[in-house]
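Student: I am new to this structure. Could you take me through it?

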Amino acid sequence: MDKFRMIFQFFQSNQESFMNGICGIMALASTQMYSAFDFNCPCLPHYNLAYGLGILLVPPFILFLLGFVLNNNISMLAEEWRRPQGQRGKDPAVLRYMFCSMAQRAMIAPAVWVSVTLLDGKSITCAFCTSVPVESLGNASHPRLSQGEIQQVLARIPCKEIYNGQQLIANEVAVRYLRCISQALGWCFVLLMTTLAFLVRSLRPCFSQAAFLKSRYWSHYIDIERKLFDETCAEHARSFAKVCIQQFFEGMSTDLVAARCHLPRKAPADAGETAEKLLGITDQGTMNMALKSWHRCKPPLHLHPPALPTGNGWAGEGQPPTHPSAPRRETAAYYSWV
């Protein structure tokens with residue numbers, strides 16, 4: 001349990017670790033889904049191709065969209081992309097970094113699905129069973145079958161229990177042939193994905209490391225700023241609700257006194273702390289105006305330092321003058337035992 005707790009704490013350490021954990025869980029879930037999936041090829045000439053390619057391509061597309069849905073940054077990216085210009089400019093490099101980061105993580109589960117499907121071979125066997133070269137693998141000079149009937153016989157290759165074309169081509173030969181092609185495609189796909197990931201990881205610092213660091217920094221800043229803004233709004237809402245409830249009960253003091261009930265007195269420190277958390281926003285209209293102002297014109301990313309003193313003849317340009325330190329006085333104390 002301690003190991004699982006440490007792994008869970010690592011996933012919660014920052015946004016990237018959390019999303020990496022989510023993508024890893026989705027990748028494992030995709031393999032479990034495929035192993036639990038009951039593959040049933042229709043074994044019909046006009047439906048095998050659609051069914052096989054559908055199993056190969058449709059679930060990865062769903063997993064790709066699901067990866068975007070589970071990513072917490074998708075709403076932040078849409079908000080940053082659609083918000084007005086305001087007092088803060090929008091950096092396209094940061095938006096591209098956020099989108100590419102989400103897309104790379106969302107591609108993990110689909111890539112795992114495609115790799116497992118190709119290595120298993122059932123999808124390719126079902127989709128392209130009618131394309132088996134009978135001339136080189138079987139008996140193409142079968143006199144009693146037309147071209148359409150041959151297609152119908154070949155379409156039953158994935159369904160071993162109803163296959164009746166052993167005289168045309170052996171079922172084991174056709175399945176082994178298609179499965180070898182599918183596994184070759186699967187390993188090529190895994191090699192391609194691994195090579196692309198290696199090139200992205202290794203070559204990116206060689207060209208645009210400074211731009212990458214800036215985009216990554218401001219992407220983290222937008223995420224942290226949004227979290228702090230949500231926490232501040234939640235704290236203000238809690239204080240606002242507390243004051244509203246207290247005023248409601250204080251307004252009923254007349255009825256409570258008539259019923260010989262006495263209200264507990266609120267501590268002054270508690271009242272001052274609650275008023276401080278309200279930040280001067282004490283009505284719904286002002287709060288709505290503050291929220292709209294935050295969305296329309298976010299403050300610029302520039303912190304204003306306090307004004308520097310000008311009494312010594314310098315106005316903040318360059319370094320402030322240094323004053324020689326006063327000489328230190330050394331005092332020697334003598335103690336004698338009498």
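Tutor: We shall discuss helix packing and then a pocket. This is a predicted model, in which local features need pLDDT of at least 70 and side-chain atom pairs count only at pLDDT 80 or more, while totals for chains, interfaces and linings use all residues. Residues are numbered from 1 along each chain as its sequence is written, and side-chain values use heavy atoms, with hydrogens and water left out.

Student: At what angle do α6 and α10 cross?

Tutor: Helix α6 (residues 108–120) and helix α10 (residues 171–251) cross at roughly 150°, and their axes come within 6 Å. Helices here are DSSP runs (H or I, at least four residues), numbered from the N terminus. Axes are lines fitted to C-alpha atoms over the stretch in contact, with angles from 0 to 180 degrees between N-to-C directions. The two helices are therefore roughly antiparallel (the term for angles over 145; under 35 is roughly parallel, 65 to 115 roughly perpendicular and the rest oblique).

Student: Which residues of α6 and α10 meet?

Tutor: Those in α6 include Val114, Leu118 and Leu119, and those in α10 include Leu185, Trp187 and Phe189; contact means heavy atoms within 4.5 Å. The residues of this contact divide into eight nonpolar, five polar and two charged. Ala, Val, Leu, Ile, Met, Phe, Trp, Tyr, Cys and Pro count as nonpolar, Asp, Glu, Lys and Arg as charged, and the others, Gly among them, as polar.

Student: And how do α10 and α13 cross?

Tutor: The axes of α10 and helix α13 (residues 284–296) come within 13 Å and cross at roughly 180°. That makes α10 roughly antiparallel to α13. Glu225, Phe229, Cys233 and His236 of α10 make the contact with Met287, Leu291 and Trp294 of α13.

Student: Changing topic, what is the volume of the largest pocket?

Tutor: Its volume is about 980 Å³. A pocket is an open set of points on a 1 Å grid over the protein atoms alone, where a 1.4 Å probe fits, with protein on both sides within 12 Å along at least five of seven lines; lining residues have an atom within 4 Å of a point. The volume is the space filled by probe spheres set on the points, which are joined across faces, edges and corners.

Student: Which residues lie nearest its centre?

Tutor: Of the 29 lining residues, Cys100, Gln104, Val200, Arg201 and Arg204 lie nearest the centre of the largest pocket. Helix α10 gives the largest share of the lining, 14 residues.

Student: How does the lining divide by class?

Tutor: The lining of the largest pocket has 15 nonpolar, six polar and eight charged residues.
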